[in-house]
Amino acid sequence: MMEKSAPTQETRSIEIFIKPEQRRSYFNLPFTMPENVDSFTLAYHYDRSSTSDSEGGFTDSRRVNTIDLGLIAPDGSQAGASGSDKSEISIGPTSATPGYNAVPLEAGEWQIMVGAYKIASEGVRVTYDLTFTFKQPRWLRGDFHTHTIASDGVLTAGELGIHALRHGLDFLAITDHNQFVSAAQLPQIPGLTLIQGVEWTHYEGHANFLGVDRPYNEPFPTSTPAETLSRFTSARQRGALIVINHPFDEGSGFNFDFHTLPFDCLEIWNGPMRESNLQAVGMWRSLQAAGQKIPIVGGSDYHRDNLFQILGGPTTCVYSSSASAADILSALREGHAYLVYAPAGPSLEFKAGDAMMGDSVAWSPGVEMQIALDGLQPGDRVNLVTGNGSQSLLIAPSTGSFLTTAFMTAPGFAYIEVQRVFLPGIPPLIALISNPIYFD
Ligand SMILES: [Zn+2]
Ligand SMILES: [Zn+2]
């Protein structure tokens with residue numbers, strides 16, 4: 001059901017000749033990192049020793065070559081160095097060869113650092129093979145709202161990260177109460193993207209500021225609407241993605257007038273599905289009906305394991321062009337996302353032609369939508385929700401995947417909701433909810 005194709009690659013070779021006079025010198029070889037590179041591999045090879053002069057286990061030191069390797073980023077900083085220890089290194093947004101930083105690969109002029117430590121008397125030819133693997137849009141699953149020991153959680157960010165990987169998540173935002181964490185402070189965990197964030201936590205409301213190290217300079221407390229606005233405005237100017245958290249939470253709902261504050265997303269699903277979340281869904285739906293295209297986000301608000309709180313409960317699924325924090329957040333901002341009750345919850349493709357959830361398309365009478373679902377259980381009810389109400393598309397007769405179509409009869413929004421009976425005798429609960437496609 002999911003569209004999968006092999007990621008595209010481009011390879012390039014750089015060959016140099018190092019003269020004996022260059023022995024014990026350093027120099028750089030510039031190369032261009034193309035746009036949209038997800039991961040980069042650099043291999044190099046050269047004649048490490050001349051076997052003709054090796055006799056009786058003795059190698060003539062004048063004929064031994066040792067070339068050191070390093071990499072310099074476009075801003076001139078050292079992206080890594082490995083001496084002559086490794087003949088191949090790789091860098092990507094969530095993992096890198098030890099000695100190199102896992103970073104998103106910025107397009108521009110990078111440089112190979114060449115250390116000509118030992119050079120044979122006849123010189124040496126060195127070949128560098130560069131492999132660029134381009135970004136490939138894909139669905140990633142994660143949790144945008146978690147707490148560590150830096151506030152009132154019980155795990156460190158590293159422990160939380162391992163926990164997330166075990167739950168099958170691809171990314172995790174760290175959002176401690178009024179505590180900043182910088183990207184550099186977060187541990188590197190191969191296969192997991194950690195996103196820096198803070199939950200601005202005030203008696204009158206909570207908001208997550210995601211993806212920047214320091215969204216504002218002042219202490220967190222505010223006493224006037226102008227001061228509150230200034231925290232949000234600063235976060236917005238510094239590029240944070242702003243989420244209004246759990247607006248109807250029993251103890252810490254959002255009492256500020258959010259119409260007066262800049263924000264990007266609404267957390268309509270915080271922890272287990274319950275009345276306060278249903279109220280948030282209701283409010284979001286009336287905002288949609290009023291023509292406000294506000295993307296949704298979910299977060300477990302994880303502090304520790306208990307009966308009602310699990311990491312990835314709910315999970316937000318984003319259609320991201322790479323595993324970098326920036327791409328994950330931009331997918332969320334564009335509404336290319338849906339929420340499921342747990343990491344292993346069902347999956348959804350929801351399209352109208354080339355447009356996907358979060359996108360706007362021109363309305364024409366009877367425009368068709370394609371809905372593909374996987375991981376359904378018998379009895380799951382799939383609904384299409386529009387400004388005119390909710391329409392049942394199918395009730396899953398068995399486990400598995402289903403394809404269906406629906407038609408838009410009037411302009412407006414349309415999103416998908418899956419209702420599931422989790423326990424016999426208990427009314428059905430939302431198992432999946434998507435962002436809308438907008439028909440303008
Ligand atoms: Zn909160
Ligand atoms: Zn929280």
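**Loops and labels**

Modeller: Start with N36, which sits in the loop between β2 (25–33) and β3 (37–46). Bear in mind that this is a predicted model.

Biologist: What makes the phi of N36 worth a remark?

Modeller: The value is near 65°. That is positive, in a residue other than glycine.

Biologist: Why does N36 count as partly exposed?

Modeller: Buried needs 20 or more other C-beta atoms within 10 Å, and exposed needs 12 or fewer. N36 has 15 C-beta neighbours inside 10 Å. The count falls in between, so N36 is partly exposed.

Biologist: And D301, buried or exposed?

Modeller: D301 has 23 other C-beta atoms within 10 Å. The cut-off for buried is 20 or more, so D301 is buried. D301 has a positive phi too, of about 60°, although it is not a glycine. D301 is found in the loop between β15 and β16.

Biologist: What else is in that loop between β15 (296–299) and β16 (315–320)?

Modeller: P314 lies there. The peptide bond that leads from G313 to P314 is cis.

Biologist: How do you know that this bond is cis?

Modeller: From omega, which is near 5° for the bond from G313 to P314.

**Strands**

Biologist: Why is strand β11 called mostly covered?

Modeller: β11 spans residues 193–202. Eight of its 10 residues are buried.

Biologist: How do you know that β10 and β11 pair?

Modeller: Pairing takes at least two bridges. Strand β10 (residues 171–177) and β11 have seven, so they count as paired. The sense is parallel. In one of these bridges, I174 has Q196 of β11 as its partner.

Biologist: What about β11 and β12?

Modeller: Six bridges link β11 to strand β12 (residues 205–210). The cut-off is at least two, so this is a pair as well. Here the sense is antiparallel. W200 has A207 in β12 as its bridge partner. A hairpin of two residues joins β11 to β12.

Biologist: What makes β19 and β24 edge strands?

Modeller: The open sheet has four strands, in the order β19-β18-β21-β24, with antiparallel pairing. β19 (355–356) and β24 (400–408) each have a single partner strand, so one side of each is left without a neighbour in the sheet.

Biologist: How do you know that β21 pairs with β24?

Modeller: Strand β21 (residues 367–376) is joined to β24 by eight bridges. At least two are needed, so the two strands pair. They run antiparallel. I371 stands opposite T404 in β24.

**Domains**

Biologist: Which domains are there?

Modeller: Domain 1 covers 9–134, domain 2 covers 137–345 and domain 3 covers 347–440.

Biologist: How do you know that domain 2 touches domain 3?

Modeller: A contact needs C-beta atoms within 7 Å. 18 residues of domain 2 are in contact with 17 residues of domain 3. α3 (275–289), β16 and β17 (337–340) each give two or more residues to the domain 2 side. β17 gives the most, with four residues.

Biologist: What kinds of residue make up that side of domain 2?

Modeller: 12 are nonpolar, four polar and two charged.

Biologist: And how far apart are the C-alpha centres of domain 2 and domain 3?

Modeller: They lie 24 Å apart.

Key
Residues are numbered from 1 along each chain as its sequence is written. Chains are lettered from A and ligands numbered from 1 in the order in which they are written. This is a predicted model: local features need pLDDT of at least 70, side-chain atom pairs count only at pLDDT 80 or more; totals for chains, interfaces and linings use all residues. Domain bounds come from an automatic or database domain assignment. Two residues are in contact if their C-beta atoms, placed from the backbone, lie within 7 Å. Ala, Val, Leu, Ile, Met, Phe, Trp, Tyr, Cys and Pro count as nonpolar, Asp, Glu, Lys and Arg as charged, and the others, Gly among them, as polar.
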